[in-house]
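Here is a colleague's note for someone opening this structure for the first time.

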Amino acid sequence: MESLRKPREPTSGEGSGRRAAAGVRRCVRRSGRSHEQSMASNKTMAMEPSKKSYMAWLPQDIVELILVRLPVSTLLRCRGVCKQWDRIIRDTQFGMAHIRCAPCRPLIFFRQENLGQLLYPCEAILFDEAWSPSKWDIPVIEPDDFLCASCNGLICLYSTKSTIKIANLATGECMHLAKPVRNSKTDHFSYYSFGFHPVTKQYKVMHCLRDEQLHDGTSFSTIQVYTLGDEKWRDVRTPQALSLRCVERSGAVNVDGAMYWLTEDAKSVWKRVVVAFDLSEELFWWLQLPLVDPASCMLGNPDQLLITVTDIDGKLSVATRSYSGLIGKMHIWTFDSKLEQRWIQKCTIRLSVLNVPGPHWICGDKIILHDFYRNLHFYELMEENSEIELSKIVKLLDFSPRQENNMQCFMFAKSLVRLDAFRKAGVVRRPKRQEGWKLKKWEVWMGSIHRLEKYCRRSCEMQHKISECADKMGIKINLILQQLPDLASSLQPINWVEYKRVLEILSVNLDNMHDVLVVMTQAAHDAHHKENTHVADQGASSSAVDRSGS
């Protein structure tokens, strides 16, 4: 892959910009000094009124070149430095320039699922530049959300509620949009996609409307489009009925202002064809897949065909995957010319026992893989035709007990895109947690489960102790009853002194048994009350999250 991605040598201006950006980071870190140091610096500045900061003498173009290389978290703090910086950072063109400089990182998303009678909520894991997974929760993602798409730092989230969400994970902003079809039992998160057009600067949400009466509901002939900032959805008719099953398997991707997905085509060698939808003109066209020899490419099942976007030349890529036993082979083509509809084969990869998640699984010169033991890896591609060596793969994490078919991989870049500019029809909400993100929902949820299991164990132990005490008391009562005189026969004389002594012993033992049972019952009641209180708290918190999301 070295021949595919040649590193660009930084110019002298970019090098100075990076050095200046490092200086800004050091200045921001020094802003956390103590109160005494701040007072001393204020006195020094008051004694030298003619001396100004070096940043104040820099032209605005140089300041923008410095700020555009800073991460989003630092830029949000830099907005409070002065009005000039706040105006620069809030500018839309600066935000687009920052997106072009921001690195794209893998975002792994696990959907909600039931495993072993346990409900596992959804979970999002973002890897940094060192390929370390994030350890913090993302507030805008709720436990029952589904991730549909990622574009310019914005994500599209689907849930069973009556709205879908467009959220910025870096700033915490979230916009709720009404679904085009409400209360539909046949709706699916894979029918939604999200894209951006670089010329019109418009973000659009696309929904494939299922045809309930045609082809057993496995096709669609209408696309519902919503432009962020508009008041309602619009219907766009497709030239012909398109396959929904291909959309569910492969999804749709956004490349250079157009959405691409697969549909069925009986005339093609692959039995598939690529459908393109321009987000500006809202027109359709078809792209034929690469012409190959079926015998040389091991076509196999056409359902194994994948469509995905890679950052190889920033173009649309199509990957075909097939297996012969345990050995898998993947061919990757890149779309080179729209006029000539020419594809160029970039590389061929032998996967062995590994597989790739969808829809995005190439980040730079590295390919993301997972094995059958539910481990996530990455591997650096060095040649155009390569076989993945198991000794050189790098393990990222163990995602068990999650299922690999519920895992998605997207490319995500933190951005400054503001959603309040599109709040004409949607409801925009600011982040509620200004102090930072909490630990992952998964870790908090597991802690609650462990506490609930501990209360249940204590309750079972208490019930076991009560049962043992009852057995012991029953044995003692049987021994005492055996000592009572036989009053059935009226001919036997009654020893009133012995009878009175036995009754006193029986009364004392019954009182002791009653006290023990009262103590045990109260302990069991307390444990049961704690368990019910904990469950009620969990239900209240989940309902509060639902109310906040709705």
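1. Two strands are taken to pair if DSSP finds at least two bridges between them, and helices (H or I, at least four residues) and strands (E, at least two) are DSSP runs, numbered from the N terminus. The model is a predicted one, in which local features need pLDDT of at least 70 and side-chain atom pairs count only at pLDDT 80 or more, while totals for chains, interfaces and linings use all residues. Residues are numbered from 1 along each chain as its sequence is written, and side-chain values use heavy atoms, with hydrogens and water left out.

2. An open sheet of 4 strands has the order β9-β10-β11-β12, with antiparallel pairing. At its edges stand β9 and β12 (234–243), each with a single partner strand, so one side of each is left without a neighbour in the sheet. On average, neighbouring strands of this sheet are turned by 30° against each other, direction ignored; the axes are lines fitted to C-alpha atoms, for helices over the stretch in contact, and angles run from 0 to 180 degrees between N-to-C directions. Within the sheet, 7 bridges join β10 to the antiparallel strand β11 (residues 219–227), and Lys 204 stands opposite Thr 227 in β11.

3. Lys 204 also takes part in a salt bridge with Glu 282, at 3.0 Å from N to O, where a salt bridge is a side-chain nitrogen of Lys or Arg within 4 Å of a carboxyl oxygen of Asp or Glu. Lys 204 lies in strand β10 and Glu 282 in the loop between β15 and β16, so the pair ties together parts that are 78 residues apart in sequence. Both Lys 204 and Glu 282 are buried, the scale being under 20% relative accessible area for buried, over 50% for exposed, and partly exposed in between (1.4 Å probe, protein chains only).

4. The structure holds 14 salt bridges. One of them joins Lys 165 to Asp 145, with the closest N and O atoms 2.9 Å apart; Lys 165 is in strand β7 (residues 163–168) and Asp 145 in the loop between β4 and β5, 20 residues apart. Lys 165 and Asp 145 are both buried.

5. A further open sheet has 4 strands in the order β13-β14-β15-β16, again with antiparallel pairing. Its edge strands are β13 (253–255) and β16 (284–287), each of which pairs on one side only, and its neighbouring strands are turned by 35° against each other on average, direction ignored. Strand β15 (residues 272–278) is joined to β16 by 4 bridges and the two run antiparallel, with Val 275 standing opposite Trp 286 in β16.

6. Some backbone angles deserve a look, because most residues other than glycine have a negative phi, and most peptide bonds are trans. Trp 131 has a positive phi, near 60°, in the loop between β4 (123–126) and β5 (146–151), and Trp 131 is buried, with a relative accessible area of 11%. Lys 201 likewise has a positive phi, of about 60°, but Lys 201 is partly exposed at 46% relative accessible area. The peptide bond from Ser 400 to Pro 401 is cis, with omega near 5°, and Pro 401 lies in the loop between β26 (394–398) and β27 (407–412).
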